[in-house]
Every structure is written in C-alpha cells, then in structure tokens.
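Subject: Structure handover

Hello,

Here is the structure for you to look through. My notes come after it.

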Amino acid sequence: MTMRRAAAAAAAESTAAAAAATLVPPWLEPLLATQFFSACPDHADAARSECNMFCLDCRPSPPAFCFYCRSDIHPGHRVIQIRRSSYHDVVRVAEVEKALDIGGVQTYVINSARVLFLNERPQPRGGGAAAAGKAASSTHYCEICARALLDPFRFCSLGCKLVRIKRNGDASFTPTEASASGSGSGGGDGDDNKAEGGKVTGGSGERIPQREETRVGADTARATRSLPNSRRRKGVPHRAPFFAS
Ligand SMILES: [Zn+2]
Ligand SMILES: [Zn+2]
Ligand SMILES: [Zn+2]
C-alpha cells in the first residue's frame, strides 16, 4: 500500500478507525513480528550486543535493538526487553502491563518473574508423552490455537489474543479498566486472584515453590552484605537474563 501515510492521516480524523485502533496499540503487531536475539551490527564486539529490546514509542516501530542502542537512540522511550524461554520469546508482565491489557493471556512464572509468551508456539501433534499428559489433565485451552493452558485463561499468548480481537473484537489490549472490571470477559476467576489484589488476571501460572524464591532472596542478601557499603558495585544487573532451555 503506497497510501499508508495518507491513510494514517485520515485515521486521525476518522473516529471509526480510532475506535478500532483503541483495541490494539500500534506497536503490538510490529512487536509480535519482530525477530529478536540477532547480534547488533553496530555493537558486535560488545558484551550485550544481542538485539532483545523493543521500543513502544518510536513510529514506525524500529527493529529490535541492543542494550547500547537503547541509550543512544531511545532515551526516555518506553522500551521492553524480550527474554527467551525454551527458545520462545517472552516478556515480563511487569514490563508490559501498564501499556497493555494482558487480561485473558496465560502467564507463567519463570526464574521468579511472571512472563507471557509473545506468539503461539508450535505444538507437538500426537507425540510427546509429557505434552500428551499435560493436555489430558488440562481443562483449559487457548481459544485460537487450542493449546492446553494451566489456568482458566483464554489465550496462550499475545499473538492468539490479537487474532481473536481482529476476528471478533470481543477482547481488548487497552489497559484502561483492567482493575475496574476485574476482567469480566471470561477466565481469570482464580481465588488467589483477589488475594493478590493485583490487576494481573488469574495469576497462578507455573508457580515455582515458595522456598525457591526465598532462597534467591537470601543469596542476594548475602551477596550484598559481603560488599563494602561504601562501594556500590557497578553494573549490578537488574536481573540476570534467563535462557531456560
Ligand atoms: Zn546496538
Ligand atoms: Zn524509541
Ligand atoms: Zn494460542
């Protein structure tokens, strides 16, 4: 389409188009189509040169970029970091929930952080005893790809939720009334939902044992204690990136 820009300008005036656009932020489809984890051509020799970041503010959405490009090109922008779990792209709930209503999307706890998958994952068809057992014991399935879910969610990933919105418009990515409505649109009826009092819908996910979290905390505390107070360690990682395999 050569009329992209004209169409974009017209969209600003068209309330109908605007209404449709409110269901899906403009950066979401580019995000889901982006290839992550290639090496940054500009910072190939640096330690953190893999392109695992994505900007929510630049238009049109730029390709994935690296840690160094972030400060060079996207200062002050909303940037999210993509991580990997078993070779699939995930994003932390904490990084996207302000910009996106993730209601209805299955979340998982991986390396003590709650994450969700960007896209539908290939499913073993008829094979894999583990997968079969998991599916057999599940009563919840993604509305789009039929993947077995752990909890009463509607979608396995942001990608499947997007498909549903484009087909039916009966879900939304707009984070407005996430807390007010308590996500009336199906799913997320878990008891611990209210206990947590958060806006994260559902929220059990693949919970790792409580002990695990405690131990991680203790390790961190010990590490901190062993450092001289006066000299803060430089470049303490926000969190080690995980590459669960
Ligand atoms: Zn770079
Ligand atoms: Zn940017
Ligand atoms: Zn799905």
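The notes below cover a few residues and how they sit in the fold.

This is a predicted model, in which local features need pLDDT of at least 70, side-chain atom pairs count only at pLDDT 80 or more, and totals for chains, interfaces and linings use all residues. Residues are numbered from 1 along each chain as its sequence is written, with chains lettered from A and ligands numbered from 1 in the order in which they are written.

Phe-117 belongs to strand β5 (residues 113-117). Helices (H or I, at least four residues) and strands (E, at least two) are DSSP runs, numbered from the N terminus. Phe-117 counts as buried because 23 other C-beta atoms lie within 10 Å; the cut-offs are 20 or more for buried, 12 or fewer for exposed, and partly exposed in between, with C-beta atoms placed from the backbone. Beyond its neighbours within four places in sequence, Phe-117 is in contact (C-beta atoms within 7 Å) with His-88, Val-90, Cys-156 and Ser-157. Cys-156 is 39 residues from Phe-117 in sequence, while their C-alpha atoms are 7.2 Å apart.

Next, the backbone. Most residues other than glycine have a negative phi, and most peptide bonds are trans. Asn-111 has a positive phi, near 50°; it is in the loop between β4 (108-110) and β5 and is partly exposed, with 17 other C-beta atoms within 10 Å. Ala-146 also has a positive phi, near 65°. Ala-146 is in the loop between β6 (140-141) and β7 (148-149) and is exposed, with 12 C-beta neighbours inside 10 Å. The peptide bond between Arg-59 and Pro-60 is cis, with omega about -10°; Pro-60 is in the loop between β1 (53-55) and α4 (67-73).

Regards

Technical notes
Two residues are in contact if their C-beta atoms, placed from the backbone, lie within 7 Å.
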